[in-house]
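Okay, everyone, thanks for coming. Let me put this one up on the screen and walk you through a few spots in the backbone.

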Amino acid sequence: MARIDGITEQRREKLRKIRSLGIDPFPHRYHRSHTNKEAIAHFQRDDCAPQVSLAGRIMAFRTMGKATFIDVRDSSGKIQAYFRSNLLGDKYELLKEFDIGDIIGMSGEMFRTHSGEVTLKVNDFVILSKSLQPLPEKWHGLTDVEKRYRQRYLDLISSEEVNRIFTVRSRAIAAIRRFLNRRGFIEAETPVLHPAAGGALARPFTTHHHALDQNLYLRIATELYLKRLVIGGFDKVYEIGRIFRNEGISTKHNPEFTMLESYEAYADYNNVMSMTEELVSYVTKNVLRKTKVSYAGTTIDFTPPWHRVTLRDAVREQCKIDFLEHADYDSLRDAIQHYGLNVDESPSWGKLLDKLFSTYVEPHLIQPTFIMDYPVELSPLAKRNPDDERLVERFEAFAGGMEIANAFTELNDPIEQRERFQEQEKLRALLGDEEAERVDEDFLLALEYGMPPTGGLGVGIDRLVMLLTDQQSIREVILFPQLRTKQVG
């Protein structure tokens, strides 16, 4: 329950005063003829003063004798409203019971003030919702950052920039759908609760279904169900949905996040690579009207084609280590130590290589770059590279020093897929690797009916939005990021 202090009590007293006047401070409805932005545009275009009805939240008061200017904001933006006692009569006195944060409806005519600002001259108004809590005046320091995330509604009320970020996010997702739909993809919805947590190397959240008396997992990927749809005859399919991984929290990681996954039959990772750079360029151009963005003080250009380099060459260039010449854990660890590199201990050779890459290569991948051809150990769902059986046809896309996409030529041999799953299970048993891939018997059965050659793609929506909005923390682009439970108020 919200804490009641002196300011809150004053607002409650005003609420009682409004009710004592026979006014409902929370009416059922209000007819709004225009948004603030529409009303201003209409007036500027036609240079006339139509009667309009507007509504929004009070953000500022300026009282000068018998006149009051109030800034009112709706989702389209702010408008200035002009209240005069000789126009409103006794009702003008009701403004004394209004506070910043209240939501009001207003009707009147548009005009320009002497300073040239388009303003609503109010001839009638009504309270639509009385705000009992004061709006924050400033945001500063760590405590307020926490409050912004916990009470995102206050962040949205107080900051037009935060509104812009989430508007960009919405438009980016809509643009992704348009791009894929125009290419003949069909959008699907697959289960969130899985009997086996598969499709990615990640630790799942576990829950229990009481009626079935069965443990289930929140999905860590949509991959295995979307592949079932390809097997069933959907040649081009995608899903944009929430993914859940029981892992750490950082500026680039949140336990739940949004992922696009797409699968195209008769395509390989080269086809998907071309589609990825076209997709991101299309989204950037549609949302921002340009293909260049400013991120962390650097201009990133998403115009195709993007740079392509193999994982082997990227690691050799930055770390002087050829991981294919160090094919076991001890050899790779010794090479890392020989070159004076500092990498955290990992449970397996693949994880050690991944740490080496993320520590010394990934931060340098600022311009859009495809890193290609990963070891089999890191990619249990990808098809082997015919030129080198130690590698698979996989790429990851990077920009701004972080991964934004992951793609494979999908493994469609059910016998080899079972062997890959079993190798991952051994890692779990021997090394306690909770992120190893699990065996999904139902998916293996589906593969035995035959899946065509397929190219698959996963794009992190949150990280893409970070790049589009110049945000260095994933929490800034997720409306309600995960936080430790705390009493609000």
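Go to the loop between strand 13 (298-301) and strand 14 (307-310): that's where Pro305 sits. The peptide bond running from Pro304 into Pro305 is cis, with omega near 0 degrees. Keep in mind that this is a predicted model.

Arg289 isn't a glycine, yet its phi is positive, about 65 degrees. Where does Arg289 sit? You'll find Arg289 in the loop between helix 8 (269-288) and strand 12 (292-295). And is Arg289 buried or exposed? Its relative accessibility is 67%, and the cut-off for exposed is over 50%, so Arg289 counts as exposed.

The other one is Asp373. Again we're not looking at a glycine, and again phi is positive, near 65 degrees. Asp373, though, belongs to a strand, namely strand 15, residues 369-375. Buried here means under 20%, so Asp373, at 10% relative accessibility, counts as buried.

Strand 4, residues 103-112, and strand 5, residues 118-129, run antiparallel, and ten bridges join them.

Conventions. Residues numbered from 1 in each chain as written. Predicted model: local features only at pLDDT ≥ 70, side-chain atom pairs only at ≥ 80, totals over all residues. Heavy atoms only, no water. Helix = DSSP H or I, 4+ residues; strand = E, 2+ residues; numbered from the N terminus. Buried < 20%, exposed > 50% of the residue type's maximum accessible area, 1.4 Å probe, protein only. Pairing = 2+ DSSP bridges.
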